[in-house]
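The sequence and structure come before the details.

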Amino acid sequence: MNNLETIVKGGTIATASDIFKADIGIRGGKIVAIAEALEGADEIIDATGRLVLPGGIDSHVHISQPSGEGIVMADDFDSATRSAAFGGNTTLMPFCFQEKGQSLREALAWYHCLAEGKCHVDVSFHLIVSDPTPQVLGQELPALAEEGYTSFKMFMTYDDLKLTDREILETMSAAKVSGARAMIHAENDDAIAFLRDQAELAGDIAPKFHASTRPVPVEREATHRAISLAEIAGVPLVVVHVSNREAMEEIARARARGLKIYGETCPQYLVLTAEDLDIPHGAKNVCSPPPRDQASQVACWEGIEQGIFSVFSSDHCPFRYEDTAGKKHPGGEKSFRWIPNGIPGVETRLPILFSEGVGKGRIDLRRFVELTATNHARLYGLYPQKGTIAIGSDADIVLWDPDMEMTITQDILHHGSDYTPYEGFRVTGWPVLTMVRGRTVVAGGRMPSADPVGMHIARSKPAA
Ligand code: URP
Ligand code: ZN
Ligand code: ZN
Ligand code: ZN
């Protein structure tokens, strides 16, 4: 075949269903040919000895979101998408956060302004609904779903975000009417406040008390309630960042009853524990839900292996330790409650799952692709434009060296945080080339062009 712009030659392609050797022909940013031997292109990319994977889709990242006390997130759209590209991702789904009193359109206009012309990979916004007025639910959500904003997150905790059960039901109903995908952060806010106040009264203010004041029942109860509310409203639901067996079992039980409940877990629940908050500078590892214990890690792996979890995301939520915990915690006298919640991880998600999952025989390559790309596209209305290697799909492709040994350290990463929670973690397998719609954005550890090629992608309404 002639007139190809690029051929990716000699690699082993892996999708969620197949692993096979073939060349990929690309024209106009799309995959137009997959065959044993393709010839005739302006550019040949040698993929010999490499895995050829659909680019990672990370459907849970926070970029440039405001957080309490005026702390600025460590990544803007430039640095977050740069870091994502180096980590083998080609699409991010960041959150557009509606502040109370704000319309969703105002919030979107602001985030689009922040992202415009800055992105090195494609982006597609989820909405965060924090003020579900009749106007927001009755007019804005349905209209925005028609325009390709087809998912939103609800929170059961955080003062500036949390919704009551009634509001969750109303918001879920709006998801049903508009065909959008509902997501939820499931932790019981009153229980957290009760435990936090008790801890502070007892003088227990170190970062480790962030974890002990958000124990497993806080997440299990809220997960059960969220699923029940989804059942009552009659909508599918994605429960994000699940950290432990009991919450996971709520999801497994609901699925066994035929409910369309989907679970997400994240690297921090596979490789960190609450003990990582009980070290010097433990504030670096504060996130919610908190990492738990080794038994919870085992449980999350079971959920990954057995298909209870549909997606594996980073929940990248980067802060600079210097700006936040370091300053807010001089001598540790200020309580853990002021430590911003969230850790960076968009660049390390794929290597950690590949190395610990595929490399250690817990999952096969197809499941890796499903968990890191295909299912994100399916759940959120991007499939088959993205999330697979097929004729007609966007040429979002990652070449992966399965044998490359790397030690994760802050100085090899490209995010805006001044640390990584995974400092010193050794992995085998690393992305060596990232291509977004046919344009190589990272190769051999460099960005060949500083041009930000990423664009905003309007999504379809997800299939139930
Ligand atoms: O601690 C976390 N996960 N921060 C990010 C916000 C969220 O709840 O996802
Ligand atoms: Zn959350
Ligand atoms: Zn998050
Ligand atoms: Zn401190």
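The chain contains 13 helices and 17 strands, where helices (H or I, at least four residues) and strands (E, at least two) are DSSP runs numbered from the N terminus. Its radius of gyration is 21 Å, close to the 23 Å that the globule rule gives for 464 residues, so the chain is as compact as a globular protein of that length. That radius is taken over C-alpha atoms, and the rule is 2.2 Å times the number of residues to the power 0.38.

This is a predicted model, in which local features need pLDDT of at least 70, side-chain atom pairs count only at pLDDT 80 or more, and totals for chains, interfaces and linings use all residues. Residues are numbered from 1 along each chain as its sequence is written, and chains are lettered from A and ligands numbered from 1 in the order in which they are written. The pLDDT is the predictor's confidence in each residue, from 0 to 100.

| Score | Value |
|---|---|
| Average pLDDT of the chain | 96 |
| ipTM of the model | 0.91 |
| pTM of the model | 0.97 |

Of the 464 residues, 57% are buried (20 or more other C-beta atoms within 10 Å of the residue's own, with C-beta atoms placed from the backbone).

Helix α1 spans residues 77–86, and nine of its 10 residues are buried. Among them are Phe77, Arg82 and Phe86. The buried residues of α1 pack against several elements, including β7 (89–97), α2 (104–115) and β16 (425–436). After α1 comes Gly88, with a positive phi near 85 degrees.

Conventions. Buried ≥ 20, exposed ≤ 12 C-beta atoms within 10 Å, placed from the backbone. Contact = placed C-beta atoms within 7 Å.
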